[in-house]
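Welcome! Have the structure open while you work through these exercises, and try each task before you read its solution.

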Amino acid sequence: MQTETAYAKINLALHVRRRRDDGYHELETLFAFVDDGDRLSAAPADTDALTTLGEFAGRIDDPFDNIVAKALSALPHGQGWAVTLEKRLPVAAGLGGGSADAGAVFRMVERAQGLPEDWHARAAKLGADVPACVLSRPLVGTGTGTELEEVAVNDLAGCPVLLVNPREPVPTGPVFKAWDQIDRGPMPTGSLRQIALEGRNDLEAPAVTICPVIADVLSALRDTGPFLARMSGSGATCFALYDSEAELQAAAEKIASDRPGWWQMAGKLR
């Protein structure tokens with residue numbers, strides 16, 4: 001039996017530069033990962049099989065067409081695997097949940113028998129965030145997000161982080177379509193903290209027009225005194241970074257009390 005965490009992905013910064021000729025958008029993004037997320041386990045079986053459970057399992061329309069099943073099909077892994085996916089992250093939430101699940105499968109296959117040399121290309125075919133989610137460490141993503149570079153200084157490792165989602169899914173396509181197509185400049189360089197603080201999320205404004213409650217989430221998080229609060233990806237999940245565990249705990253308790261219907265997850269950056 002193998003087990004693996006599909007670490008929640010957040011975009012500490014997300015700069016949309018232009019629309020490409022192929023219809024996709026040229027991005028500059030700073031990936032970071034929380035030390036919690038969905039949970040997967042795999043056991044030997046006659047054929048590949050996938051079982052989904054957990055709070056958000058019902059949001060997966062077709063488990064057998066799930067990205068986990070596609071990741072298994074994309075990689076040689078010997079005999080069949082019976083995979084159980086505990087879906088703890090909201091769907092269509094800006095946390096790379098499906099991509100994180102696929103990344104976890106890649107890491108389990110790597111431990112079992114190694115990955116093929118072209119693993120990055122295979123991962124990118126599954127989704128733009130999947131290569132970063134396979135590595136699940138701070139990375140700068142360019143192009144559509146699949147071209148990855150290491151961050152020179154990770155000075156946010158272990159930083160307390162709170163994720164909050166209003167339980168409203170936000171499809172990525174409409175958010176990109178609502179972007180005003182204004183290039184507001186490149187993502188800054190420097191340490192992880194410096195890029196995060198000086199960066200921005202260009203999808204935040206269009207996401208709020210589609211899902212106005214995102215503005216309420218950001219306001220609630222900023223009222224708890226983090227050194228940074230921002231929307232992740234195309235929403236609706238927002239994150240807040242704190243200087244101490246005590247501040248994180250107080251913030252989580254306040255939001256749970258004020259907004260008991262919102263989903264939240266507390267952890268640390270990897």
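## Exercises on a predicted model

Keep in mind that the model you are looking at is predicted.

**Exercise 1. Find the residues that Thr29 is in contact with, leaving aside its neighbours within four places in sequence.**

Solution. 
- Step 1: Thr29 is in contact with Asn11, Ala13, Leu14, Leu139, Val140, Gly141 and Met187, once neighbours within four places in sequence are left aside.
- Step 2: Thr29 belongs to strand E2, which covers residues 25-45.
- Step 3: Decide whether Thr29 is buried or exposed. Its relative accessibility is 2%, so Thr29 counts as buried, since the cut-off for buried is under 20%.
- Step 4: Return to one of the partners, Ala13. A polar atom of the Thr29 side chain lies 2.8 Å from the backbone oxygen of Ala13.

**Exercise 2. Work out where the residues with the UniProt annotation "active site" lie.**

Solution. 
- Step 1: Read the record. In an unreviewed entry, UniProt gives the annotation "active site" to Lys9 and Asp129.
- Step 2: Check the pocket. Both Lys9 and Asp129 are in the lining of the largest pocket.
- Step 3: Take Lys9 by itself. Lys9 sits in strand E1 (residues 2-19) and is buried, with a relative accessible area of 3%. Its side chain makes a polar contact of 2.7 Å with the side chain of Asn11. Beyond four places in sequence, the contacts of Lys9 include Phe31, Phe33, Gly94, Asp129, Cys133 and Ser232.
- Step 4: Now take Asp129. This residue lies in the loop between helix H3 (119-126) and helix H4 (130-135). Asp129 is partly exposed, at 21% relative accessible area. Not counting residues up to four places away in sequence, Asp129 touches Lys9, Phe31 and Ser99.

**Exercise 3. Which part of the chain comes within 5.9 Å of Asn201, C-alpha to C-alpha, although it is 186 residues apart in sequence?**

Solution. 
- Step 1: Name the partner. It is His15: 186 residues separate Asn201 and His15 in sequence, while their C-alpha atoms are 5.9 Å apart.
- Step 2: Locate Asn201. Asn201 lies in the loop between H6 and helix H7 (204-210), and with 8% relative accessibility Asn201 counts as buried.
- Step 3: List the contacts. Leaving aside neighbours within four places in sequence, Asn201 is in contact with Leu14, Arg230, Met231, Ser232 and Gly233.
- Step 4: Look at Met231 in that list. The side chain of Asn201 reaches the backbone oxygen of Met231 at 2.9 Å.

**Exercise 4. How many aromatic pairs does the structure hold, and which charged residues sit over rings?**

Solution. 
- Step 1: Count the pairs. The structure holds 0 aromatic pairs.
- Step 2: Turn to Phe227. Arg193 lies over the face of this ring, 4.1 Å from the ring centre.
- Step 3: Turn to Tyr7. The charged end of Arg270 sits over the Tyr7 ring, at 3.8 Å from its centre.

Technical notes. Residues numbered from 1 in each chain as written. Predicted model: local features only at pLDDT ≥ 70, side-chain atom pairs only at ≥ 80, totals over all residues. Heavy atoms only, no water. Helix = DSSP H or I, 4+ residues; strand = E, 2+ residues; numbered from the N terminus. Buried < 20%, exposed > 50% of the residue type's maximum accessible area, 1.4 Å probe, protein only. Polar contact = N/O pair within 3.5 Å; in protein donor to acceptor, adjacent residues only side chain to side chain. Contact = heavy atoms within 4.5 Å. Phe/Tyr/Trp six-rings, centres within 6.5 Å; stacked < 30°, edge-to-face > 60°. Lys NZ or Arg CZ within 6 Å of the ring centre and 35° of its normal. UniProt positions renumbered as here; feature names shortened; annotations may be inferred. 1 Å grid on protein atoms, 1.4 Å probe; cavity = no way out; pocket = protein on both sides within 12 Å on 5 of 7 lines; lining within 4 Å.
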